[in-house]
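Subject: The structure I promised you

Hello,

Here is the structure we talked about, passed on for you to look at. Please open it first, and then read on for what turned up in it.

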Amino acid sequence: MFATLSDRLADTFKNLRGKGRLSEADIDATAREIRIALLEADVALPVVKEFVGAVKDRARGEEVSGALNPAQQIIKIVNEELVTILGGETRRLRYAKSGPTVIMLAGLQGAGKTTLAAKLALWLKDQGKSPVLVACDLQRPNAVKQLQVNGERVGVPVFAPEAGNGVGDPVSVARASIEEAGRKLYDVVIVDTAGRLGVDAELMQQASDIRDAVNPDEVLFVVDAMIGQDAVVTARAFLDGVGYDGVVLTKLDGDARGGAALSIASLTGRPVMFASNGEKLTDFDLFHPDRMASRILD
Ligand code: GDP
């Protein structure tokens, strides 16, 4: 039993190393191992099939170059295909040309959205931006408070309805906050929206209403990398229900498999932009497809 994709592939490639040529049988055996490894890592079946097919085609089609032995060559192919599926280059945030940049966060409850909002705010501050957080999760008891506490920890103001938790209309809160941010010359507004335990129509409607009201420059879908195949179902539901420009994977510090990243990027065509990898507010960075590919392989 191999726990992770990287273990599995590492073992496969160990068997390949030292071989002089890569025969059709070698390619098939490698493809089989990659397939099993990806399935074990919870990569969605259509993605696995496409990936393995692409690797096999390239492995057959390429001349064995002088510099690499066949095993190294197939590792290189797997690496390149992983990077391609994961989005190629790191996709950077798009900032508004004038007025504050609006970033809206969407995702299920427990995905790590509220934590992420504060992490992103801190990261933006470190980039020289002047961000503000907006609490539009008025559903979950304590969500506003939690955002306020985190905002305080990172030294970023939090706009929230004055009456406190569980009251107010998130769409009006969002709209008023963008205006206030503009007046007070904050340059990035991060809007935290309500999550539910499961995907539901009301959640989608509320998120799309907020989106329509604030016209975000970026909608980011926040998803827990640990939830395996469910991540794909959720990612699709949010793509249809709200739409988003990029993905943030959280809890990559856990049993950090490449599965969710690969499946979501491939099936939604949206790049993973940020990675959240711990409970500390500094555990956050841009998502680097090449690093994730190496992590999967090494
Ligand atoms: P929300 O319901 O989506 O707003 O989720 P929260 O931000 O409240 O996070 C849910 C739980 O996940 C909290 O206990 C967080 O401390 C934890 N959490 C969030 N991000 C990460 C992460 O990257 N790694 C780990 N290990 N835990 C995280």
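Let me start with the pockets. The largest one has a volume of about 340 Å³. Please keep in mind throughout that this is a predicted model. Twenty residues line that pocket, and those nearest its centre are Gly110, Ala111, Gly112, Thr115 and Lys251. Helix H5, which runs over residues 113-126, supplies the largest share of the lining, with five residues. Sorted by class, the lining has ten polar, seven charged and three nonpolar residues.

The second largest pocket holds about 180 Å³ of space. Its lining is made up of Leu252, Ala275, Asn277, Asp285, Leu286, Phe287, His288, Arg291, Met292 and Arg295. Two elements give two or more residues each to this lining, namely strand S8 (284-286) and helix H11 (289-297). Of these, H11 gives the most, with three residues. Here the classes come out as five nonpolar, three charged and two polar residues.

Now for the chain as a whole. It has 298 residues, and 52% of them are buried. You will find eleven helices and eight strands in it. The accessible surface comes to about 13,200 Å², with carbon and sulfur atoms accounting for 48% of that. If you take the contacts between residues at least 6 apart in sequence, 76% of them join residues at least 24 apart.

There is also one annotation to pass on. The unreviewed UniProt entry places the feature "domain: SRP54-type proteins GTP-binding" at residues 271-284. In the model, that span is 43% strand and 0% helix, and its end C-alpha atoms lie 16 Å apart.

Leu147 sits in helix H6 (residues 143-154). Is Leu147 buried or exposed? Its relative accessibility is 0%, so Leu147 counts as buried, the cut-off for that being under 20%. Beyond its neighbours within four places in sequence, Leu147 is in contact with Thr114, Ala117, Leu133, Val134, Ala135, Val158 and Asp192. Gly241 is 94 residues away from Leu147 along the chain, and the C-alpha atoms of the two are separated by 25 Å.

Arg196 is found in the loop between strand S4 (188-193) and helix H8 (201-214). Arg196 counts as buried because its relative accessibility is 12%. Setting aside residues up to four places away in sequence, Arg196 touches Gly107, Leu108, Gln109, Gln139, Glu202 and Leu203.

You can find Asn215 in the loop between H8 and strand S5 (218-224). With a relative accessibility of 63%, Asn215 counts as exposed.

Lys251 also has a positive phi, in this case about 60°, and is not a glycine. The loop that holds Lys251 runs between strand S6 (246-250) and helix H10 (259-268). Lys251 is partly exposed, with a relative accessible area of 32%. This brings us back to the pockets, as Lys251 is one of the residues nearest the centre of the largest pocket.

Enjoy exploring it, and do write back with any questions.

Best wishes

Methods: Residues numbered from 1 in each chain as written. Predicted model: local features only at pLDDT ≥ 70, side-chain atom pairs only at ≥ 80, totals over all residues. Heavy atoms only, no water. UniProt positions renumbered as here; feature names shortened; annotations may be inferred. Helix = DSSP H or I, 4+ residues; strand = E, 2+ residues; numbered from the N terminus. Buried < 20%, exposed > 50% of the residue type's maximum accessible area, 1.4 Å probe, protein only. Contact = heavy atoms within 4.5 Å. Areas by Shrake-Rupley, 256 points an atom, 1.4 Å probe, with all protein chains shown as cover. 1 Å grid on protein atoms, 1.4 Å probe; cavity = no way out; pocket = protein on both sides within 12 Å on 5 of 7 lines; lining within 4 Å. Points joined across faces, edges and corners; volume = space filled by probe spheres on them. Nonpolar A, V, L, I, M, F, W, Y, C, P; charged D, E, K, R; others polar.
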